[in-house]
Amino acid sequence: MGKHRRPGPPNQPSRVVPRVDASDPLAAYEKRRRAPMDVWRRHRPLHGGASHLRPDEPQALEEWDGFAYVPAGTADDLAAARAWVNQTAGSEAATE
């Protein structure tokens, strides 16, 4: 392990410091409000444990609001939860 080696897989870019626009006066503020690892939506099993071991059980859906993950609903199973996580904001507006 070298002196200046960064942690994490070598095939992925570093996520330690997201890119910041120097001309934007609110750049530092927006940087702090980014979701951890840029994951804006996530799902968790309602009853704990690993979701991939029990894919037929309900999942809790959580969304990043700029400060923390907040509950956004539930999904019937793992497939529905993954579909919700992979939706983009544009496709959400089209379905409403």
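**Exercise 1. Locate Gln87 in the fold and decide whether it is buried, partly exposed or exposed.**

Start with the position: Gln87 falls in the loop that links α2 (78–86) to α3 (89–95). Helices here are DSSP runs of H or I with at least four residues, strands are runs of E with at least two, and both are numbered from the N terminus. A note on the source: this is a predicted model, where local features need pLDDT of at least 70, side-chain atom pairs count only at pLDDT 80 or more, and totals for chains, interfaces and linings use all residues. Residues are numbered from 1 along each chain as its sequence is written, and side-chain values use heavy atoms, with hydrogens and water left out.

Gln87 has a relative accessible area of 32%, so it is partly exposed; buried means under 20%, exposed over 50%, and partly exposed in between (1.4 Å probe, protein chains only).

Finally, look across the chain: Gln87 and Arg41 are 46 residues apart in sequence, and their C-alpha atoms are separated by 9.2 Å.

**Exercise 2. Work out the surroundings of His43.**

First find the element: His43 belongs to strand β1 (residues 41–45). Then check the cover: with a relative accessible area of 15%, His43 is buried.

Now list the neighbours. Leaving aside residues up to four places away in sequence, His43 touches Ser51, Gln59, Ala60, Leu61, Leu78, Ala81, Arg82 and Val85 (contact means heavy atoms within 4.5 Å). With Gln59 there is also a polar contact, side chain to side chain, at 3.2 Å. That term covers a pair of N or O atoms within 3.5 Å; within protein, one must be able to donate a hydrogen and the other to accept it, and residues adjacent in sequence count only if both atoms are side-chain atoms.

**Exercise 3. Classify the ring interactions of Trp64, Tyr69 and Trp84.**

Begin with ring pairs: the count is one. Rings of Phe, Tyr and Trp (its six-membered ring) pair if their centres lie within 6.5 Å; planes under 30 degrees apart are stacked, over 60 edge-to-face, and the rest tilted. Trp64 and Tyr69 have ring centres 5.1 Å apart and planes at 65°, so they are edge-to-face. Both of these residues are buried.

Then turn to the charges. Arg42 places its charged end over the ring of Tyr69, 3.8 Å from the centre, while Arg41 lies over the face of Trp84 at 4.2 Å from the ring centre. The rule asks for NZ of Lys or CZ of Arg within 6 Å of the ring centre and within 35 degrees of the ring normal.
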